[in-house]
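Student: I would like to learn how to read a protein model. Could you walk me through one, feature by feature?
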Amino acid sequence: MSDPLERFRAVFFDESAEAIDAIERNLLDVDDASTMDAETINDIFRSAHSLKGGSATFGMGSLTEFTHVMETLLDKVRSGQLRISQEILDCLFSSLDVLRNLVAHYQFDDAINQAGMQRVKTELEHLLAPPSSGQMVAANSPETSDVPAGPAGSEWLIEFAPDPGIMMTGNDPLRYIDELAELGDISVTCKTSAIPDFEQLDPTHIYCLWQISLKSENSVSEEDLKDVFMWIEDEAEFQFTPINNPEDVASPAPVIPEPVIPPSEEPSPPVSATEQELAQPENPQPQDASVPVKSKAKRAAQSIRVDLEKIDSLINLLGELVITQSMLSIYGDEEKYPQFERLSEGLSQLERHTRDLQEGVMRIRMLPIDFCFSRFPRMVRDLSKQLDKSIAVQIIGENTEVDKTVIEELNDPLVHLVRNSVDHGLEDRSTRLAKGKPETGTVTLKAFHQVGNIIIEIADDGAGLNTERIKAKAIEKGVIKANANLTEQAIHELIFAPGFSTAEAVTDLSGRGVGMDVVKRNIRALGGTIDVRSIADEGTTFTIRLPLTLAILDGQLLKVGQETYIIPMLSIIESIQLKPEDINKVGNRDVSFKWRGNFIPILNLAALFGCQVDHQQLVETGLVVVVESDGKQCGILVSELNNHQQVVVKSLEANYAKVQGLSGATILGDGSVALIIDVGAIISRVRMH
Amino acid sequence: MKKILTVDDSASMRAMVAFTLKAQGFDVTEAVNGQEGLDKAMGDNFDLVISDVNMPIMDGIQFISALRKADNYRFTPILMLTTESGLEKKQEGKAAGATGWIVKPFDPQKLVAVVNKVLK
């Protein structure tokens, strides 16, 4: 990345992702063609335009070509030559996919979907040039189209009469004469007869005109000369006369009358008019030429990009600081340290600052959940078209911040839930109308913080879960017994049972064999929980509760012999004390005990991890922590329960090696290491045996 | 050292222009839209201004015409950065007081050549 051009490319890719998102947002905002306002279309145009400019600069030809067609269409809409229609909107939506593909092509070397691109491009071109009106599709700008080239000659006589006010646009006539000199040898005559009397002279005006004869060894065309004066073609009069006969040089021919009046005769094609004429025929001035000042303040996303590794190392260091801090607080013993009071003040300040710092650093990893939510309006729009349903998406709390890792892991479960709502939850138009509901169904995505957790709700106002069908299915699949007497809520929760799927027909959308049990497992892997609430004909709401970050864990400290372990609070159902006789044995081994009417296995951590412990004493103490994962419970025998605290999770893989049954480690206040138990892993291990 | 103000809403474009010109020893200031450009121009005295046309909040045309009205920018060269298809924008820009234009995409060497020519 040391090559500056590479760096600019990286910036351009960020920028283009933003531009494409902006186009999508704007398109989604309108969706209905009749409500498109000038400002929105201007915004979309501007985004496409910057994409084109940037891609051209970085030599991304296919992207430039495609955005050019898009931009031409948008420009026509903007200038009122084309009316925005549903067709155009749909085509612009398809264009987004092409743009993303093209950007990915240049950024990651993805293959270009040629067929898709060609289809959308043809569609755009078709929209651009309805059979009745002319071509205008061609990417040629008027300048490059065929202006008849002037006779090529190596000798020219040039007359140059700038407008008096030419300096007012920052132009200096001498600059152009200098540039002519680059084409060949010049000799310059300045005519000063138009300079007025001193009293009438405006020092900011130019009253001179110049005759320049140019001799070049190379061939110089009239086009080359026009190019020199391109910037000021409307601010000066020119005559370009080719000189082929040496005698002509001696007696120069037509001269612009002084003072400046348009030339009376035009020996060669008029220069200044040519381009204007070419520009006019199909490009009437837009009615609203100046871009209106945007009233909505642009959402200023001031940000810097930082390598995640750097942030993680900072977080790690901070974890150490927290530990050091708690180590110090142990020395808060008044009798040993007479100056304790001052030390204690300092310590409590240190503690407060450490906590603030910790929160601040943690927030660096946080991203607004919008990163995840923003894809849904588009997805739902596409799905609802496919299913011919009318569905609106409502997003609440999109600025709620969540840990980056959580956002990444959350994507798939949310996609699944939203698809389910669209496919199964929401009814089609006629059914909704028959039920007296509004024709358009709503999927609501909502996020908010609640005491150290983030809550995400995916709600629809559809038919609700079909209790009868779920029950029948559960019995058929053997998830429950036929005579089971379950509450409605318990039946609803059956949808999370492994292998359960009610979709009668496997559609393209949901029911691909990946059920709600996978969603639940994914959420649990993030240390979260998912619940469902459903009322017939009113709708279904899924509530996901997640920890704010994966780097800090709410844990229960416990001891097995001399070793300290931590069990995530989320996995613990309860801690109970058993009598030795409550524990069932097979031979010498403890195997199970009766808990809430069922026998659940018992697990000996000491044996699992090879701790030195007096087993007899452990059983006599009878302290058991009941943990749960994936609906399966197990009891863990421990020597003592300590406090419950938030710990900074450190990776075992990174610092040592992966150990079966452990999900990480942390360092405690006294500097000792405590291992964090992976409850899911040990339960499946127990089940296996 | 000659001072140049570059106004563009695209960060990559701005970075390209600034990098290219800084490498030639110019003192380059950046602004993200016409409004910011105007604010920065008023607080300083630039020898050259290079502005994009399509920008949010205040576009290049409005910016150029406002800047040209300021006393210390009456004769300052102001260049537009524009795409080849923007012919009507060029005319609008000229009418607003632009000195000339640079066509996007530009070759960094060409940019330097134009800037040197204008500042000579």
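**Reading the model together**

Tutor: Let's begin inside chain B. Setting aside residues up to four places away in sequence, Leu21(B) touches Ile4(B), Phe26(B), Val28(B), Ile50(B), Leu111(B) and Val115(B). Please keep in mind that this is a predicted model.

Student: Which residues have the most contacts inside the largest nonpolar core?

Tutor: That core has 60 residues, and those with the most contacts inside it are Ile158(A), Phe160(A), Phe229(A), Leu21(B), Ile50(B), Phe63(B) and Val115(B). Helix α5 (residues 108-119) of chain B gives the most to this core, with five residues. Apart from it lies another core, of 44 residues, including Phe45(A), Leu89(A), Val98(A) and Met16(B).

Student: How many helices and strands does chain A have?

Tutor: Chain A has 22 helices and 22 strands. Of its 689 residues, 43% are buried. For contacts in chain A with a separation of 6 or more, 70% are between residues 24 or more positions apart. The accessible surface of chain A is about 36,100 Å², and carbon and sulfur atoms hold 50% of that area.

Student: Now for charges. How should I read a salt bridge?

Tutor: Here is the general idea: side chains of opposite charge can pair when their charged atoms come close. Over all chains, the count is 29 salt bridges. In one of them, Arg46(A) pairs with Asp43(A), with the closest N and O atoms 2.5 Å apart. Both residues lie in helix α2 (residues 38-57) of chain A, three residues apart, which is about one turn of the helix.

Student: Are Arg46(A) and Asp43(A) buried or exposed?

Tutor: A residue is called buried when its relative accessible area is under 20%. Arg46(A) has 9%, so it is buried, and Asp43(A) has 12%, so it is buried too.

Student: Where are the partners when a salt bridge links distant parts of the chain?

Tutor: Take Lys385(A) and Asp90(A), whose side chains meet in a salt bridge (3.6 Å, N to O). Lys385(A) is in helix α13 (residues 376-387) of chain A and Asp90(A) is in helix α4 (residues 86-108) of chain A, 295 residues apart. Lys385(A) is partly exposed, with a relative accessible area of 47%, and Asp90(A) is partly exposed at 27%.

Arg14(B) belongs to helix α1 (residues 11-23) and Glu30(B) to strand β2 (residues 27-31) of chain B, 16 residues apart. Arg14(B) is buried, with a relative accessible area of 12%, while Glu30(B) is partly exposed at 29%.

Student: Which residues are linked in a network of salt bridges?

Tutor: Asp21(A), Glu24(A), Asp97(A), Arg100(A), Arg378(A) and Asp382(A) are linked in such a network.

Student: What does the side chain of Thr169(A) make a polar contact with?

Tutor: Its partner is the side chain of Glu235(A), at 2.9 Å. Thr169(A) lies in the loop between β1 (153-162) and α6 (173-181) of chain A, and Thr169(A) is buried, with a relative accessible area of 9%. Leaving aside neighbours within four places in sequence, Thr169(A) is in contact with Glu235(A), and also with Arg68(B), Lys94(B), Gly97(B), Ala98(B) and Thr99(B).

Student: And which residues make a nonpolar surface patch?

Tutor: Ile195(A), Phe198(A) and Leu201(A) make a patch of about 300 Å². Leu201(A) sits in the loop between β2 (185-191) and β3 (209-220) of chain A, and Leu201(A) counts as partly exposed at 30% relative accessibility.

Conventions: Residues are numbered from 1 along each chain as its sequence is written. Chains are lettered from A and ligands numbered from 1 in the order in which they are written. This is a predicted model: local features need pLDDT of at least 70, side-chain atom pairs count only at pLDDT 80 or more; totals for chains, interfaces and linings use all residues. Side-chain values use heavy atoms; hydrogens and water are left out. Helices (H or I, at least four residues) and strands (E, at least two) are DSSP runs, numbered from the N terminus. Buried means under 20% relative accessible area, exposed over 50%, partly exposed in between (1.4 Å probe, protein chains only). A polar contact is a pair of N or O atoms within 3.5 Å; within protein, one must be able to donate a hydrogen and the other to accept it, and residues adjacent in sequence count only if both atoms are side-chain atoms. Contact means heavy atoms within 4.5 Å. Patches are made of residues with over 30% relative accessible area and no salt bridge: like charges are joined within 9 Å, nonpolar side chains (Val, Leu, Ile, Met, Phe, Trp, Tyr) within 5 Å. Accessible areas come from the Shrake-Rupley method with a 1.4 Å probe; for residues, only the protein chains shown count as cover. A salt bridge is a side-chain nitrogen of Lys or Arg within 4 Å of a carboxyl oxygen of Asp or Glu. A nonpolar core is a set of buried Ala, Val, Leu, Ile, Met, Phe, Trp, Tyr and Cys residues joined through side-chain atoms within 4.5 Å.
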